[in-house]
Amino acid sequence: MDYALRILRQLSRGGSMQAAELEKSENVSVNFARKILQKLKRAGIVQITRGPEGGCSLAIPCEKLTLWDVKQAIDPEPVMNRCMQPDYRCDGSCGDSCGIRNECRRIEILLQEEMQRRSLCDLYRERP
(Lines give C-alpha, C1' and ligand atoms only; values in the text may rest on other atoms or scores of the structure.)
Protein backbone atom coordinates (compact mmCIF):
# COMPACT_ATOMS: atom_id res chain seq x y z
CA MET A 1 0.00 0.00 0.00
CA ASP A 2 2.96 2.30 0.63
CA TYR A 3 3.89 2.61 -3.04
CA ALA A 4 0.26 3.06 -4.07
CA LEU A 5 0.01 5.99 -1.66
CA ARG A 6 3.23 7.47 -3.05
CA ILE A 7 2.00 7.13 -6.63
CA LEU A 8 -1.34 8.70 -5.72
CA ARG A 9 0.47 11.55 -3.97
CA GLN A 10 2.24 12.35 -7.23
CA LEU A 11 -0.96 12.07 -9.25
CA SER A 12 -2.83 14.28 -6.77
CA ARG A 13 -0.62 17.16 -7.86
CA GLY A 14 -2.55 17.21 -11.14
CA GLY A 15 -1.95 16.26 -14.70
CA SER A 16 -0.91 12.96 -16.15
CA MET A 17 2.27 11.01 -15.46
CA GLN A 18 3.90 8.05 -17.13
CA ALA A 19 5.15 5.05 -15.16
CA ALA A 20 8.76 6.04 -15.96
CA GLU A 21 8.20 9.44 -14.31
CA LEU A 22 6.77 7.71 -11.24
CA GLU A 23 9.84 5.47 -11.16
CA LYS A 24 12.10 8.50 -10.83
CA SER A 25 9.96 10.52 -8.45
CA GLU A 26 8.99 7.68 -6.08
CA ASN A 27 11.86 5.22 -6.47
CA VAL A 28 9.64 2.38 -7.67
CA SER A 29 10.40 0.19 -10.67
CA VAL A 30 8.34 0.78 -13.80
CA ASN A 31 7.02 -2.80 -13.73
CA PHE A 32 5.95 -2.53 -10.09
CA ALA A 33 4.38 0.89 -10.72
CA ARG A 34 2.42 -0.60 -13.62
CA LYS A 35 1.13 -3.44 -11.43
CA ILE A 36 -0.01 -0.98 -8.79
CA LEU A 37 -1.57 1.29 -11.41
CA GLN A 38 -3.51 -1.64 -12.88
CA LYS A 39 -5.00 -2.42 -9.46
CA LEU A 40 -5.87 1.24 -8.96
CA LYS A 41 -7.42 1.32 -12.44
CA ARG A 42 -9.56 -1.77 -11.74
CA ALA A 43 -10.81 -0.01 -8.61
CA GLY A 44 -11.67 3.09 -10.66
CA ILE A 45 -9.17 5.27 -8.79
CA VAL A 46 -6.92 6.07 -11.76
CA GLN A 47 -7.36 6.24 -15.49
CA ILE A 48 -4.67 5.12 -17.88
CA THR A 49 -4.20 6.41 -21.41
CA ARG A 50 -1.92 4.35 -23.61
CA GLY A 51 0.45 5.62 -26.27
CA PRO A 52 3.41 8.00 -26.51
CA GLU A 53 1.38 10.91 -25.14
CA GLY A 54 -0.41 8.71 -22.62
CA GLY A 55 -0.04 8.37 -18.91
CA CYS A 56 -2.07 7.95 -15.79
CA SER A 57 -4.12 10.39 -13.77
CA LEU A 58 -6.65 10.36 -10.98
CA ALA A 59 -10.15 9.26 -12.00
CA ILE A 60 -11.54 10.36 -8.61
CA PRO A 61 -10.67 13.67 -6.97
CA CYS A 62 -8.10 13.28 -4.21
CA GLU A 63 -10.55 14.86 -1.75
CA LYS A 64 -12.87 11.86 -2.22
CA LEU A 65 -10.22 9.16 -1.75
CA THR A 66 -9.34 7.62 1.59
CA LEU A 67 -6.77 5.18 2.91
CA TRP A 68 -9.53 2.57 2.95
CA ASP A 69 -10.17 3.05 -0.78
CA VAL A 70 -6.49 2.42 -1.51
CA LYS A 71 -6.30 -0.55 0.84
CA GLN A 72 -9.32 -2.15 -0.82
CA ALA A 73 -7.85 -1.56 -4.28
CA ILE A 74 -4.43 -2.99 -3.43
CA ASP A 75 -5.35 -5.74 -0.98
CA PRO A 76 -9.05 -6.32 -0.32
CA GLU A 77 -8.36 -9.10 2.19
CA PRO A 78 -9.42 -8.46 5.79
CA VAL A 79 -6.67 -6.99 7.91
CA MET A 80 -7.27 -8.91 11.11
CA ASN A 81 -7.91 -12.52 10.16
CA ARG A 82 -8.85 -14.54 7.11
CA CYS A 83 -11.91 -15.81 8.95
CA MET A 84 -13.42 -12.39 8.18
CA GLN A 85 -13.78 -13.32 4.51
CA PRO A 86 -17.42 -13.92 3.53
CA ASP A 87 -16.74 -17.36 2.01
CA TYR A 88 -14.48 -18.59 4.86
CA ARG A 89 -15.56 -21.81 6.56
CA CYS A 90 -14.17 -22.27 10.04
CA ASP A 91 -12.95 -25.68 11.16
CA GLY A 92 -14.17 -24.90 14.68
CA SER A 93 -17.63 -25.63 15.94
CA CYS A 94 -18.55 -22.25 17.43
CA GLY A 95 -19.86 -20.62 14.22
CA ASP A 96 -21.17 -17.06 14.63
CA SER A 97 -20.61 -17.19 18.38
CA CYS A 98 -16.83 -17.40 17.94
CA GLY A 99 -15.21 -14.88 20.28
CA ILE A 100 -12.12 -14.58 18.09
CA ARG A 101 -14.14 -13.86 14.94
CA ASN A 102 -16.39 -11.39 16.74
CA GLU A 103 -13.42 -9.46 18.17
CA CYS A 104 -11.67 -9.44 14.79
CA ARG A 105 -14.89 -8.14 13.20
CA ARG A 106 -15.14 -5.37 15.83
CA ILE A 107 -11.53 -4.28 15.25
CA GLU A 108 -11.91 -4.52 11.46
CA ILE A 109 -14.92 -2.17 11.62
CA LEU A 110 -12.99 0.33 13.78
CA LEU A 111 -10.02 0.18 11.43
CA GLN A 112 -12.23 0.75 8.40
CA GLU A 113 -13.90 3.74 10.08
CA GLU A 114 -10.54 5.29 10.93
CA MET A 115 -9.15 4.71 7.44
CA GLN A 116 -12.24 6.40 5.96
CA ARG A 117 -12.15 9.37 8.34
CA ARG A 118 -9.93 11.68 6.26
CA SER A 119 -9.19 12.17 2.59
CA LEU A 120 -5.82 11.44 1.03
CA CYS A 121 -5.51 15.14 0.20
CA ASP A 122 -5.77 15.93 3.91
CA LEU A 123 -2.96 13.47 4.61
CA TYR A 124 -0.79 14.71 1.75
CA ARG A 125 -1.06 18.30 3.02
CA GLU A 126 0.08 17.43 6.56
CA ARG A 127 3.60 18.26 7.56
CA PRO A 128 5.34 16.53 10.46
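## Helix packing and cysteines

Helix 1 (residues 2-11) packs against helix 2 (residues 19-26) at an angle of about 110 degrees, and their axes lie 10 Å apart. Axes here are lines fitted to C-alpha atoms over the stretch in contact, with angles running from 0 to 180 degrees between N-to-C directions; helices are DSSP runs of H or I with at least four residues, and strands are E runs of at least two, numbered from the N terminus. The two helices, helix 1 and helix 2, are therefore roughly perpendicular (65 to 115 degrees). Helix 1 brings Tyr-3, Arg-6, Ile-7, Arg-9 and Gln-10 to the contact (heavy atoms within 4.5 Å), while helix 2 brings Leu-22, Ser-25 and Glu-26.

Bear in mind that this is a predicted model, where local features need pLDDT of at least 70, side-chain atom pairs count only at pLDDT 80 or more, and totals for chains, interfaces and linings use all residues. Residues are numbered from 1 along each chain as its sequence is written, and side-chain values use heavy atoms, leaving out hydrogens and water.

Now to the cysteines. Searching the whole structure turns up one disulfide (cysteine sulfur atoms within 2.5 Å): Cys-62 is joined to Cys-121, S to S 2.3 Å. Cys-62 sits in the loop between strand 2 (55-58) and helix 4 (67-74), and Cys-121 in helix 6 (residues 120-125), 59 residues apart. Both Cys-62 and Cys-121 are buried (under 20% relative accessible area, 1.4 Å probe, protein chains only).

What keeps Cys-56 from a bond? Its sulfur is 14 Å from the closest cysteine sulfur, in Cys-62, which is too far.

| Buried cysteine | Relative accessible area |
|---|---|
| Cys-56 | 2% |
| Cys-104 | 8% |

Definitions and conventions
Angles under 35 degrees count as roughly parallel, over 145 as roughly antiparallel, 65 to 115 as roughly perpendicular and the rest as oblique. Buried means under 20% relative accessible area, exposed over 50%, partly exposed in between (1.4 Å probe, protein chains only).
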